[in-house]
Amino acid sequence: NLDGVQTSRDQGNVTPSILTYPQPFRDQLQLALNIPSVPTLDLEILSISGQSLELKTNSTKDAKSDNWDLSHLPQGMFWEQVRHEDLLLSTQKVMKE
């Protein structure tokens, strides 16, 4: 969760919030998105060593939440990154049980 993030398209400060739950998760990771003025987000799951394992792009125009199927990943700890173009909005650890 970052406050005051600006992108080149913003007319002022925005207050983005990205909530990921449940923690730990089993097969499905839920994302609650509140990112004003950002039309798309890239969501990425990386191994704890930084290797990209899963990438998807979401439109934020209509979607305020998303269900991400990660059942194919093994149990363990991962990094979740949320980006808009070259701007990193969020990085957090997530755990699959």
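Contact here means heavy atoms within 4.5 Å. The model is predicted: local features need pLDDT of at least 70, side-chain atom pairs count only at pLDDT 80 or more, and totals for chains, interfaces and linings use all residues. Residues are numbered from 1 along each chain as its sequence is written, and side-chain values use heavy atoms, with hydrogens and water left out.

The protein contains zero helices and seven strands. Helices (H or I, at least four residues) and strands (E, at least two) are DSSP runs, numbered from the N terminus. Along the sequence the pattern reads β-β-β-β-β-β-β. Among the contacts with a separation of 6 or more, 46% are between residues 24 or more positions apart. The accessible surface is about 5,600 Å². Carbon and sulfur atoms hold 47% of that surface. Accessible areas come from the Shrake-Rupley method with a 1.4 Å probe; for residues, only the protein chains shown count as cover.

Of the 97 residues, 36% count as buried. Buried denotes under 20% relative accessible area, exposed over 50%, and partly exposed in between (1.4 Å probe, protein chains only). In soluble globular proteins, nonpolar side chains tend to be buried together. The largest nonpolar core in this model has 17 residues. Such a core is a set of buried Ala, Val, Leu, Ile, Met, Phe, Trp, Tyr and Cys residues joined through side-chain atoms within 4.5 Å. Leu29, Leu41, Ile45, Trp68 and Leu70 have the most contacts inside the core. Strands S2, S3, S6 and S7 each supply at least two of its residues. Beyond its neighbours within four places in sequence, Trp68 contacts Asp27, Gln28, Leu29, Leu31, Leu43, Glu44, Ile45, Glu54 and Lys56.

Glu44 lies in strand S3, residues 40-47. Glu44 is buried yet has no salt bridge. A salt bridge requires a side-chain nitrogen of Lys or Arg within 4 Å of a carboxyl oxygen of Asp or Glu. The nearest side chain of opposite charge, Arg83, is 4.6 Å away. Lys and Arg count as positive and Asp and Glu as negative; His and the chain ends are not counted. The side chain of Glu44 does make a polar contact of 2.5 Å with that of Ser52. A polar contact is a pair of N or O atoms within 3.5 Å; within protein, one must be able to donate a hydrogen and the other to accept it, and residues adjacent in sequence count only if both atoms are side-chain atoms. Not counting residues up to four places away in sequence, Glu44 touches Ser52, Glu54, Leu55, Trp68, Trp79, Glu80 and Gln81.

Lys96, in strand S7, is also charged. Lys96 is buried, with a relative accessible area of 6%. Its side chain reaches the backbone oxygen of Leu73 at 2.4 Å. Residues touched by Lys96, outside four places in sequence, include Phe25, Arg26, Asp27, Leu70 and Phe78. The C-alpha atoms of Lys96 and Pro24 are 5.5 Å apart, across 72 residues of chain.

Most residues other than glycine have a negative phi, and most peptide bonds are trans. A cis peptide bond joins Tyr21 and Pro22, with omega about -10°. Another cis bond joins Gln23 and Pro24, with omega about -5°. Pro22 sits in the loop between strands S1 (17-21) and S2 (28-34), and Pro24 is in the loop between S1 and S2. Glu85, not a glycine, has a positive phi of about 50°. Glu85 is found in the loop between strands S6 (76-84) and S7 (87-96). Glu85 is partly exposed, with a relative accessible area of 47%.
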